Every structure is written in C-alpha cells, then in structure tokens.
Amino acid sequence: MTGFHLAQVNVGRIVAPLDGPELADFVALQPEINGLADRSPGFVWRMVDDEGADATGIRADRNDALLLINCSVWESLAALRDFTYRSDHLRVLSRRREWFRRALEPHLALWWIPAGHRPTLAEALERVALVREHGPGPTAFTLRDPHPAPAAAELA
C-alpha cells in the first residue's frame with residue numbers, strides 16, 4: 001500500500017448532441033457501464049454532474065457542448081486496466097468511433113493522487129494539457145507509458 005490512488009481522465013468530442021439518434025446507444029449504455037465501474041474491484045470514485053448519474057452534464061469547455069469528460073479514481077493501474085480491457089467496458093470501448101470524433105491530440109491522462117483526494121475538473125484538464133504539451137511523465141502519463149506510484153515517504 002503506497003497511500004496513493006490512480007486518477008484517470010479522458011476527454012472526447014461526440015459526433016452529435018447527446019439527445020440525437022447518433023448517440024442513442026451510447027446514452028443507453030451509460031447506466032450499465034457506470035454501474036460496472038462502480039462494482040469493479042479497485043474502483044474508488046468517478047466524477048458526476050449535478051444530476052449524479054454520470055458526467056455528461058459537465059462542460060470541460062463552456063463553449064463546446066460536444067466535449068465530454070470522464071474522470072475516475074482507482075486503487076491501482078492494474079484495476080483500471082482490468083476494467084478498461086477485461087470487462088464489458090471493452091464492448092463499449094470498441095464502439096467509440098461511432099460516438100466520438102477521432103482525437104487529433106492526446107485525450108487521456110493518468111496521475112497518482114494521495115488516497116482520499118478527489119480530482120477537480122480543472123485539475124483533470126491540467127493533466128491532459130501536461131501530456132499534450134510535454135508528453136507522458138511522472139506527473140501525467142498514459143496507459144502506454146505508465147509511471148509507478150510515488151513512494152510512501154513522498155507523502156510527507
């Protein structure tokens with residue numbers, strides 16, 4: 001136990017408004033996939049909007065209603081990977097091109113946080129910006145280029 005958890009954020013621009021027919025399957029699958037995350041081993045927390053079911057009402061950019069954000073916290077990199085690639089989430093992930101425009105720049109960031117901390121929207125967007133501007137590093141990285149959790153001594 002390191003005293004740290006793993007935060008993840010990804011942002012994506014949907015192909016149409018959430019209430020349009022193009023996103024009907026995506027919207028319908030949200031409760032199932034969020035419930036799956038909530039019950040997954042190693043899951044700690046996920047960002048939700050004022051409605052409390054998901055994050056689709058959170059605006060990462062007030063001028064862009066098609067930009068969605070997903071932010072969650074996990075006990076470990078292994079727990080996040082298991083949910084992402086070894087659960088029914090993969091079935092939804094495989095359809096992302098139907099619902100999201102292809103990202104032209106990095107859209108995902110991971111970073112270690114003290115256990116108990118909950119990332120803010122600003123903090124999450126800052127981590128994506130770090131990956132975009134500097135590439136993966138110890139303060140913001142990707143699933144392909146992970147960094148280990150800080151040592152417990154670094155908590156002090």
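**A guided reading of the structure**

Among the elements that cover the buried residues of helix H2 are strand S1 (4–13), helix H1 (24–39), strand S3 (67–74), helix H3 (89–93) and strand S4 (108–114). The model examined here is a predicted one. Helix H2 comprises residues 77–85, and its buried residues are Leu 77, Ala 79, Leu 80, Phe 83 and Thr 84. These residues lie on the same side of H2, because they cover an arc of only 165° around its axis.

Apart from neighbours within four places in sequence, Leu 80 is in contact with Leu 6, Gln 8, Trp 74, Leu 110 and Leu 143. In soluble globular proteins, nonpolar side chains tend to be buried together. In this model the largest nonpolar core has 23 residues, and those with the most contacts inside it are Leu 6, Leu 23, Trp 74, Leu 80, Trp 99 and Leu 110. Two or more residues of this core come from each of the elements S1, H1, S3, H2 and S4. There is also a second, separate core of 18 residues, which includes Val 9, Ala 55, Trp 111 and Ala 124.

S1 and S3 run antiparallel and are joined by eight bridges; within S3, Cys 71 stands opposite Val 9. S1 and S4 also run antiparallel, and seven bridges join them. Ala 7 has Trp 111 in S4 as its bridge partner, while Gln 8 has Leu 110 in S4. Strand S4 is likewise mostly covered, since six of its seven residues are buried.

Which elements cover the buried residues of helix H5? They include S1, S3 and S4. H5 has 14 residues, and the distance from its first C-alpha to its last is 20 Å, close to the 20 Å expected at 1.5 Å a residue. Its buried residues are Glu 123, Ala 124, Arg 127, Val 128 and Val 131. Because they cover an arc of only 140° around the axis, they lie on the same side of H5. On the other side of H5, Ala 122, Glu 133 and His 134 are exposed. Just after the helix, Gly 135 takes a positive phi of about 80°.

A pair of aromatic rings is described by the distance of the centres and the angle of the planes. The structure holds five aromatic pairs. In one of them, the rings of Phe 26 and Phe 100 have centres 5.4 Å apart and planes at 85°, so this pair is edge-to-face. Phe 26 lies in helix H1, whereas Phe 100 lies in the loop between helix H4 (96–99) and S4, so the pair ties together parts that are 74 residues apart in sequence. Phe 26 counts as buried because its relative accessibility is 9%, which is under the 20% limit.

The pair of Trp 112 and Phe 141 is tilted, with 6.4 Å from centre to centre and 35° between the planes. This pair links distant parts of the chain, for Trp 112 belongs to strand S4 and Phe 141 to the segment after helix H5 (121–134), 29 residues apart. Both Trp 112 and Phe 141 are buried. Finally, Phe 26, Trp 99 and Phe 100 form one aromatic cluster.

Is Trp 45 buried, exposed or partly exposed? Trp 45 has a relative accessible area of 21%, so it is partly exposed. Not counting residues up to four places away in sequence, Trp 45 touches Cys 71, Ser 72, Val 73, Arg 118 and Pro 119.

Conventions. Residues are numbered from 1 along each chain as its sequence is written. This is a predicted model: local features need pLDDT of at least 70, side-chain atom pairs count only at pLDDT 80 or more; totals for chains, interfaces and linings use all residues. Side-chain values use heavy atoms; hydrogens and water are left out. Buried means under 20% relative accessible area, exposed over 50%, partly exposed in between (1.4 Å probe, protein chains only). Helices (H or I, at least four residues) and strands (E, at least two) are DSSP runs, numbered from the N terminus. The arc is that of the directions from the helix axis to the C-beta atoms. Contact means heavy atoms within 4.5 Å. Rings of Phe, Tyr and Trp (its six-membered ring) pair if their centres lie within 6.5 Å; planes under 30 degrees apart count as stacked, over 60 as edge-to-face and the rest as tilted. Two strands pair if DSSP finds at least two bridges between them. A nonpolar core is a set of buried Ala, Val, Leu, Ile, Met, Phe, Trp, Tyr and Cys residues joined through side-chain atoms within 4.5 Å. The expected span of a helix is 1.5 Å times one less than its number of residues.
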